[in-house]
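Subject: the structure you asked about

Hi,

Have it open while you read.

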Amino acid sequence: MKKAGYLKKQKEKEFIAALGAKARVYAPCLEDEAVLFKPVEPDSVICLSRPAVSSPKSAIYPQSETLFSFRFKKDSEDPRRTLVELDDTIAVPDTIIFGARPCDARGIAVIDRAFSKTETPDPYYLARRAKTTIVTLTCPEPSTGCFCTRVGCGPAETSDSDVMMTELEDGYLMEALTSKGEALLESPILEDGTAYEAQAKEAQKAAHERMIKEAGEADTTPVDPETFHSQVFWEKAAERCLGCGACTYLCPTCYCFNITDEQVVDKGERIRSWDACMFHHFTLEASGHNPRAQKALRLKNRIGHKFVYYGEKYDGIIACSGCGRCIRGCPVSMEISTIAAALKKNSGTVSGEQ
Amino acid sequence: MIEQEYAYYSGCSLEGTASSYDRSIRLILKALGVTLREPDDWSCCGSTPAHAMDHLLAGALAARNLAIVERMETATLTTPCPACLSAFKKAHARATEDRAFKDEVNQLLDIPYEGGVKAKSTLQVIYEDVGLEAVASKVTTVLPDLKAACYYGCILSRPPRLAAFDDPENPISMDRLLAACGVEVCDFAFKTECCGAAFGVPKKEMVLRLTHKVLTMVEDCGANCVVVACPLCQQNLDLRQAQVNRAMGSSFSIPILYFSEVLGLAFGYTPEELGLDKHIVSTDALIRSRRSKEAEETVSTVKEKVKKSAAQGTAGKSGNAPGPEDTASATKEA
Amino acid sequence: MNLEKLKEIVRTVLPSVDVVIGYKKGLDALHPVPCFLTSPDEIDALVLNPACMHNLAAYLPSLKNRAAVVVKGCDSRTVVQLAQEGLIKRENVVVIGVPCQGAVSVRKVLSAIDHQPVIEASFENDTVVIKTKKGEARLALRDVAPDKCLACRYPTPVVADHLAGEEVEPKIDEKTAYQEIREFDARSLEERRAYWMAEFDRCIRCYACRNACPLCVCRESCIAETRDPHWMSQKATQNEKMMFHMIHAIHLAGRCTECGECERACPMGIPVARLKKKINMEMKELFGYEPGISMDDKPPMYTFKVEEEKIEEHKIR
Amino acid sequence: MRVGVFICHCGNNIAGTVDVARAAEETAKLPHVVYSTHYMYTCSEPGQDEIKQAIKRENLDRVVVAACSPRMHELTFRRTVEKAGLNRYFFEMANIREHVSWIGEDKDLNTNKAIEAVRMAVEKVVRDKPLYSSSFKVNKRVLVIGAGVAGMQSALDCAEGGLDVVLVEKSPAIGGMMARLDKTFPTIDCSICILGPKMVDVAQHEKISLHAYSEIEEIKGYVGNYQVKVRKKTPYVDWAKCTGCGECMEKCPTKNAYDRFNFGVAPTRAINIPFPQAIPKKATIDAKFCRQIQKGKCGVCAKVCPAKAINFELQDQFVTEEVGAIIVASGYGLIDQELLPEYGGGRYPDVITGIQYERLLNASGPTSGHILRPSDKTEPKSIVFVSCAGSRDKSIGIPYCSNFCCMYIAKQAILTKDHIPDSQSFVFYMDIRAPGKGYDEFTRRAQEDYGVKYIRGRVSRIYPKGKKMIVQGADTLLGAKVEVEADLVVLATAATAAPGAAALAEKLHISYDTHGFYVESHPKLRPVETNTAGVYLAGAAQGPKDIPSSVGQGSAAAAKVLALFSRDMLESDPAIARVNQNACVGCLKCAKTCPFQAIKDEVLRGGKVVANVIETVCAGCGVCTSTCPCGAIQLQHFTDNQLLAEVNSLCLS
Amino acid sequence: MSVVEGKELRIVGFLCNWCSYGGADTAGVSRFKQPTDLRIIRVPCSGRVDPLFVVKALISGADGVLVSGCHPRDCHYSDGNFYARRRLEMLKRFLPFVGIDARRFHYTWVSASEGQRWQQTVTDFTSLIHELGPAPLLPQNKTLPKEARA
């Protein structure tokens, strides 16, 4: 049994406000020209018409978070003895991600595995994840750089979301995919959506076809090991790369982090913050040695992680949702899609580079 | 640099006892191509009685006039009267350095003073802005009989920080101006000695003593007239000469001229135009033998006089060792 | 911009260098990308149009060997500045200059076409023609040129061993060059503060601005990331974001050649180039210095005069 | 880490306005601090012992002392912790006296401020690294600048101590001011008679090489290894040939040259030997007055010179001397009496300065010791001395006392009576300052035995009346105006810094006060040292001084140099810049900005270029550290992280 | 326990060891009373003062920053303060652009003998900072969930 509701466009704001009363709502908001996932505030302008620059992952996995704060205290009897006070309470608000795209939802699914399917599940992440509901919007149009269908995702992919919303003339059909989703659809603002389901199916199908036309069918050919390990290949591929972290920080599936302690006199915090494998510092060792000293090796790791290593760990799943953000956001338009495709041929060069 | 136009504050004395100062100033500045614009509705500068009673009032009175001038195009104010001048300069300094005072004063005024007016004595304007050369070039008449003692009085160049003009103890501007007009200037030691004018009423006998001392020194240095830049000095030395003679048994008959009058004569104006007839001690004998020279000759003699005075730094002083340059350099070498 | 002439030059230059850095087609016509030519048969892939925004001189310091580089007016200043600071050897670089009528800002184009996916783009002398599924849009170059071009005083490269095209006269004089900054200066302190707080708030510290900057030579050693010295933490707070941008701006004092790459590279569209331009304006006023103009200038922060004509001692009030 | 904090009462100096007990209690709570206490006089021996014992007892590895200024006692305590086995750089000082207790009145605020000062110091000390100084060779030659009595004393003492001395004097003859004095107080013995032999010693000492008529052009280097460029001004006379016979002076047709030695009391010749006892006794041409040099016609001296020593073509020459230490004895100057127009000095020939009067008194002076007034060469019967002519006068920017005027006026008044028994001297004075051995007795003798009339009051104006000068002033004891008719007036003009003192200081990198006198590194305890290692002060260059004190300082400075040179090697300050080769990107901006050219580039294996600091040349200013964009070059003991820790402890906690 | 509420504001001073730190000592020795707000960080030379220290202090919540070195030409290291002058002037002109009141940052020259000048400087600057009041804090980052805010 699937519950469906219908949200009239003119009621969109009202609905989001209602959600906001229950939980912290993350939605794509307009900031001058850029569309960014941010906590919705009364003055926010929500923009669903094009994919956001950034992914919604920060809602569950913030750019930086305090794991715990600490304070050194002296034993009042004996100043030689130092006591440490720890505070690791995590206040987790209910969170709704509104207007994600299927590729965003896929991204979160990718991160989920990393933080849960391990011998040391991450309490901070999981606590937030448990309290998060994802409302995903069917992608009407492929955007520059989109290639989700090639990596087995799609503009109407429902598997990673709680609610699927599909745009129709004057409203959205909202289909609950999980019990979380159903709870969210419990709202007087919504009309019954059953009448619109057929229409929505159509829209979803059309969207899917458009994307196939644009990006092609899922490509399941395995990566060619020889090419993958060719130094030449990566040097050529990385030639113009600037080595910044735009791709990783915009990516919905990247989850690498760094942990640092920040202390001033007697107080301090342990910080966990995003890190990027494209940075030199990422693998810099205390000795000063760096196993990935050249950007070619760093690029190999980034793409290798998405198309090889992750799959090796989690039964063949590709850790890329084809959202194309890294392509659109890259100062030198590095194309992960092209490189990935080239990896599969036994060419040793990046196709399209000639 | 000569500034074409100045705001001209004559002040109360020049309306009355010192009218000839006012006349002569206007004449010579006209001749020197300087325009004087009188501020509308100017009032007391606050120098004398107010100054003694209430400094805020005195400041406000001065500031009122400054505020008026500030609203005229020309930024520089000139006044012949040293008393007015120091009243203005004091008010300006306090207004710009002490905000509390400025606010207090401005509360009393209908138009506030922002602190944008530069005040100069008319003597300074002629000496610095117009310049010796320009003055010399206007000279048409020589005054062979004049042996001048330049008397600057107590406040023209003091206090140094405020006056910021000439040497506080040994001023030389008038000496040079006169020299530039071909007048013989004597080395007068009491240039800035007090004549007592301010105490004319309460302490008469003291004033007579001081005045006598000044006049004696005038004779001692071989001068036959005193040239001044201050209406009070002029009035005091001129008006009281008879009293001094009576009280001290002296027999002075020393004409007391404004420097502007002497310049006026040198520029060829008549004593009547300049208002010399207003003087108590007659100036006739002094100027009887003045005669015009052919421009050619005059200019040449004046030129070298200018050079001479410029070179010496001060008119007529002895050159024996240790000469001034020597001692000057002495310490520089030391 | 004359592509044929350029190809010709590259053909003659290529034998004498190890690599020629130019542009080739990227994911779409609006996104040409830097390319590194080593063999003649790659030459035909070269493109040259107003969308060629990248400052290719940025790659020079990391190159060991002899290279030729295609530079616009603004980029050429980078070459000069790098040489001036001894970060490249002028004799190791063959400069191929392209006089420039002004580039296009992808950001401005997209907003002009309401962020529709671009199907096709072509350039006629002073217009850009964009095809989207909503139809064709003809945009005047002027309207979609990045701010740096609107204030450009060096459309013709200041150094060039070869010139691909006719010299272009600057349309801007010295005063108007900093107009934008002066107008911003005129805003109230609070406005300026609020403005930057909002802008910095978007920063994700991906360091694209830094890595795209041809004069950020610290690379791996950038103090925004090191622990020793430990100038800042990895917290994503306003303080840290602001601190980072202050570091970038101040380290570029008297060095920024205003190529605008930092701003273009920023995925969040933060106008970071302004910070450097403001300092440049002050450098010009204080020391009459403009970065990247003459090979034998000395960057003002690394020298001094015993008597500084323009620096007066400050009063507390 | 185990930090010990020691808070000093400094008697009541600190404890008076800072709650030291509370401070100790609060700072004990700081991380790393395992011991915090307060003590009456931490710098005293028991105080230092307390620190040493605590280090042992509590096994401390870092020490913070909160007391006076580190400029006062940092070194003291560094030695203390070193004696207790710690590296001397594991120590920080919090200045809670000069910067807290002495300037703030509110005890709570002061105490809080003191606690924060300690907190900062702790934050820094835990980031201190052990530093070890390397040693370098000392060049045991000493440069003495100025050959007045102070300079000569230093030169002689150093030479006697076995050092090679380079003595530089800017005028053609050595002897300085003292050579111009007639007699000296309070003993009235002849100045040149006691100075002359010293001058000869200087000239003849085989360890002293003298550059007369020379000036310092440029100074490079650091303590132990200075390179000094000396400009030998051209006398237009080949001194190697000149025998000092004086023929040239006889025949020189220019008779109105300014006599620098005699302060223009009388004119001299364009070519001259300053005075009979002059050393070196060589002729010098004053180009300003020489007809040959100015107009190109004359050359009489060249014709008459038996030694053919005259050479109008001679140019300035430069020699570079390498020395290990420098003694600055550049002396003092006198104000231009035209600064005092009310006294008419410069305008009236019969108003002269004290030093000019010395020359009139002096047997080898222009009047052969006869006191004749300049105007008419007659013997003055009534002489007025005006003391503090410029001294202690804020209005001309000289608030200080010139130290020796009271005494030389008394001396000159006494000598006047000896020369002209029927003369009467008057002295206008503010106070009589005679705080030396036998000084006060001397001024009394002037009054009691020689009938000098002392009038307590200032002179307001001096003006001529006929042949006389009228001195108009106040007698503040009588509370009346007084006028004295004088034949001659002598102004005790204020002593100032020597002309060019500031320029010289800049070459030496030593500081000078607002009046141009050189600043010693501590007014009480380091009176002849400067803040620049290896540079010492002697004589009036540091402040007006009389002969005994100048000589004393001359010897003191010499002693300092001898002590410095008693070691063959000197320890370098290890607080210098150090390069992290991993972080360095080789842009060498540091090298471009280093004021000492102490940074060179170095190519590592694999071709990476990095900056490299030359230890002995680096002076530790840290300009490189603030220049380096990537923090790769760090000034030790003042690293970015240390300063940031201080900033953070103030702003973020 | 940093600023004393209502009584003090946070003013950070960077003083060169040879001149200004000595000047502050001289002021102390002469018992020239001064406001207590200023905290002094001792550096060898004003040339050591990286403009970024000033920025760091201001961003971290300092209400005022004062840098003082040897008078030009009188630097113990001959040139240090010449560099400082250029860099600090650049900073002073830049700060207002990002909305930081330039009056909160003052740089000047005080020699070891100028105790009085030091007293004047500290007194004037402190009173100015009190007039300006506490520096506005930077707003905390909006895009971060509460618990991650520093």
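By contact I mean heavy atoms within 4.5 Å. Chains A and B, on the other hand, don't touch, with 43 Å between their nearest C-alpha atoms. Chains B and C don't touch either, and there the nearest C-alpha atoms are 12 Å apart.

Before going on, some ground rules: this is a predicted model, where local features need pLDDT of at least 70 and side-chain atom pairs count only at pLDDT 80 or more, while totals for chains, interfaces and linings use all residues. Residues are numbered from 1 along each chain as its sequence is written, chains are lettered from A and ligands numbered from 1 in the order in which they are written, and side-chain values use heavy atoms, with hydrogens and water left out.

Now chain A. It has 11 helices and 12 strands (DSSP runs numbered from the N terminus: helices are H or I with at least four residues, strands are E with at least two). Its C-alpha trace spans about 75 × 60 × 40 Å along the principal axes. Of its 354 residues, 57% are buried, meaning under 20% relative accessible area with a 1.4 Å probe, protein chains only. Among the contacts in chain A with a separation of 6 or more, 71% are between residues 24 or more positions apart. As for charge, chain A carries 45 positive and 51 negative side chains, and the centres of the two sets are 2 Å apart. Here Lys and Arg count as positive and Asp and Glu as negative, leaving out His and the chain ends; each charge is placed at NZ of Lys, CZ of Arg, CG of Asp or CD of Glu.

Over in chain D, have a look at strand 3, residues 62–67: six of its six residues are buried. In a regular strand the side chains alternate between the two faces of the sheet. Both faces are covered here, with R62(D), V64(D) and A66(D) buried on one side and V63(D), V65(D) and A67(D) on the other.

What does strand 3 of chain D pair with? Five bridges join it to strand 1 (residues 3–8) of chain D, running parallel, and V5(D) has V64(D) as its bridge partner. Another five bridges join strand 3 to strand 4 (residues 91–95) of chain D, also parallel, where A67(D) stands opposite N95(D). Pairing here takes at least two DSSP bridges between the strands.

Cheers

Terms used:
Buried < 20%, exposed > 50% of the residue type's maximum accessible area, 1.4 Å probe, protein only.
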